[in-house]
Amino acid sequence: MDVRVAAAKVIAATLREQASLATLIPEYQCKVKARDRALLQELCFGTLRHFPKLEAILGKLLAKPFKAKDTDVLAVLACALYQLNETRIPAHAAIGESVQATVGLKKIWAKGLVNGVLRRYQREQDEILHSLAGNPAVATAHPKWLRDAIQTAWPDQAATIFAANNDRAPMTLRINQQRTDRESYAKLLEQAGIDHKASDVAPSAIILAAPMEVTALPHFADGWVSIQDEAAQLSGHLLDVSSGQMVLDACSAPGGKTCHLLEQCDDLQLTALDIDEERLQRVQENLDRLHLNAKLMACDAADTNSWWDDQQFDRILLDAPCSATGVIRRHPDIKVLRRHEDIAKLAEIQANLLDALWPLLKPGGKLLYATCSVLPTENSDTVSAFLARQPSASELPLPDYFGMAAQHGRQLLPQTGGHDGFYYALLTKTDVGAC
């Protein structure tokens with residue numbers, strides 16, 4: 001399959017909210033030539049990363065919007081504009097191949113339209129962009145609801161968040177301390193000529209200067225390192241696990257945090273849950289590569305009657321389902337898949353999980369609540385409401401070397417060239433009688 005035809009199909013399916021890039025990209029990478037697989041990902045990720053801006057530009061170029069059945073033609077045009085605006089692909093190739101993609105999509109009627117729109121943009125690009133200079137969708141490349149939510153929550157940091165969300169995320173390694181330490185592995189990277197720096201956020205993290213194939217990393221296949229953002233790595237340190245403890249990772253897929261906990265203490269009695277059985281297979285694959293063991297269960301963590309054996313846990317990690325507004329640069333389809341009304345629904349799910357899992361925690365135990373969101377509704381507000389209705393819960397202080405203090409817990413905001421957006425709050429059970 002031609003790579004731009006594949007890109008149009010992936011983008012169109014995402015715009016129709018049929019699936020996410022994480023699902024669609026692997027499916028279509030198998031359908032294009034091996035040399036085009038990286039380009040397919042670049043076209044899809046880049047187009048959706050900039051889609052609010054591209055949509056505004058197309059509003060100036062199209063006389064009327066496309067019908068739903070022609071979303072693939074809209075995808076062709078948006079992808080072509082992305083190539084013209086943001087890549088080094090020659091204009092003649094971007095335009096010519098995009099026009100030809102309409103044939104592969106069996107939309108031959110659209111050849112002239114696509115050609116005309118793109119040629120017009122070539123001629124009038126400066127005037128069109130100038131006319132959109134005051135358009136916030138163009139300036140931020142974020143949909144209105146998300147733009148408003150971020151500006152309300154973080155008025156002083158909003159511009160920085162928008163810029164970080166529109167940037168590419170760095171590739172960050174997590175050192176498996178069961179196999180090596182950060183200083184020793186850094187020397188291996190130096191010997192291999194791989195430019196890097198140590199993270200000042202997570203003691204287990206090394207940030208690469210440029211992404212690379214994992215197979216080129218020293219001892220990757222042997223389980224010496226994994227790929228995980230430095231903000232996400234904090235969970236393995238903040239939960240403060242000890243040898244032999246019973247630990248629950250309530251929403252574990254794809255398994256990075258599960259594995260990191262076991263890298264801290266490989267003799268933990270760790271139970272890892274996930275509602276998606278297919279995603280739970282990813283957890284097992286990660287455990288196998290790292291030579292670690294955990295008890296995996298495909299179930300709804302909140303439905304404790306279906307899986308819990310009445311043995312309380314010393315530690316619980318609740319990396320709760322959330323809007324993922326802190327990892328947009330890794331999942332740019334969030335800009336088109338997520339809606340304002342989703343946030344309240346997610347906060348309700350988060351509250352239900354906290355309420356359901358709290359009885360599973362031993363008195364004196366610790367529960368780490370985490371999200372990859374930057375929205376207080378899912379973070380400090382959720383924790384505040386839980387503390388108000390659960391008298392046996394109290395908050396423990398978190399170290400101040402990362403993020404910023406929130407009403408409860410600490411918030412990391414996404415940083416260009418640095419960590420993702422993440423939130424943490426650490427809770428403990430203090431009153432046995434109220435559990």
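## Close-up views of a predicted model

**View 1. Leu248 lies in strand S5.** The model shown here, as in every view below, is predicted. Is Leu248 buried or exposed? Its relative accessibility is 0%, so Leu248 counts as buried. Beyond the residues up to four places away, Leu248 touches Thr271, Leu273, Trp307, Phe313, Arg315, Ile316, Leu317, Leu357 and Leu360. One of these, Phe313, is 65 residues from Leu248 along the chain. Yet the two C-alpha atoms are separated by 6.6 Å.

**View 2. Helix H16 covers residues 340-357.** The helix has 18 residues. From its first C-alpha to its last, H16 reaches 27 Å. That is close to the 26 Å expected at 1.5 Å a residue. Which residues of H16 are buried? They are Asp342, Ile343, Leu346, Ala347, Gln350, Ala351, Leu353, Leu354, Ala356 and Leu357. An α-helix has 3.6 residues a turn, so residues three or four places apart point the same way. In H16, Ile343, Leu346, Ala347, Gln350 and Ala351 are among the buried residues.

**View 3. Ile175 lies in strand S1, residues 172-175.** At 5% relative accessibility, Ile175 counts as buried because the cut-off is under 20%. Val225 is 50 residues away in sequence. In space, the C-alpha atoms of Ile175 and Val225 are 4.7 Å apart. Which residues does Ile175 contact, leaving aside neighbours within four places in sequence? They are Thr180, Asp181, Arg182, Tyr185, Ser204, Ile206, Trp224, Val225 and Glu263. Glu263 leads on to the next view, as it is one of the buried residues of helix H13.

**View 4. Helix H13, residues 256-264, is mostly covered.** Eight of its nine residues are buried. These are Lys257, Thr258, Cys259, His260, Leu261, Leu262, Glu263 and Gln264. The loop between S5 and H13 holds Pro254. The peptide bond from Ala253 to Pro254 is cis. Its omega is near 5 degrees.

**View 5. Ala141 and His291 each have a positive phi although neither is a glycine.** Ala141 has a phi of about 55 degrees. Its place is in the loop between helix H8 (136-140) and H9. At 3% relative accessibility, Ala141 counts as buried. His291 has a phi of about 60 degrees. Its place is in the loop between helix H14 (277-290) and strand S7 (295-298). Is His291 buried or exposed? Its relative accessibility is 52%, so His291 counts as exposed.

**View 6. Gly417 is found in the loop between strand S12 (410-412) and strand S13 (422-429).** Its relative accessibility is 36%, so Gly417 counts as partly exposed. Which residues is Gly417 in contact with, leaving aside neighbours within four places in sequence? They are Asp167, Pro170 and Arg329. Lys60 is 357 residues from Gly417 along the chain. Their C-alpha atoms are separated by 33 Å.

**View 7. The whole chain has 17 helices and 13 strands.** Its radius of gyration is 23 Å, close to the 22 Å that the globule rule gives for 435 residues, so the chain is as compact as a globular protein of that length. Along its principal axes, the C-alpha trace spans about 70 × 50 × 40 Å. How much of the chain is buried? Of the 435 residues, 54% count as buried. Among contacts between residues at least 6 apart in sequence, 72% join residues at least 24 apart. The accessible surface comes to about 18,800 Å². Carbon and sulfur atoms account for 49% of that surface. The chain has 45 positive and 53 negative side chains. The centres of the two sets lie 9 Å apart.

How values were computed: Residues numbered from 1 in each chain as written. Predicted model: local features only at pLDDT ≥ 70, side-chain atom pairs only at ≥ 80, totals over all residues. Heavy atoms only, no water. Helix = DSSP H or I, 4+ residues; strand = E, 2+ residues; numbered from the N terminus. Expected span 1.5 Å × (residues − 1). Buried < 20%, exposed > 50% of the residue type's maximum accessible area, 1.4 Å probe, protein only. Contact = heavy atoms within 4.5 Å. Rg over C-alpha atoms; globule rule 2.2 N^0.38 Å. Areas by Shrake-Rupley, 256 points an atom, 1.4 Å probe, with all protein chains shown as cover. Lys, Arg positive; Asp, Glu negative; His and termini not counted. Charge placed at Lys NZ, Arg CZ, Asp CG, Glu CD.
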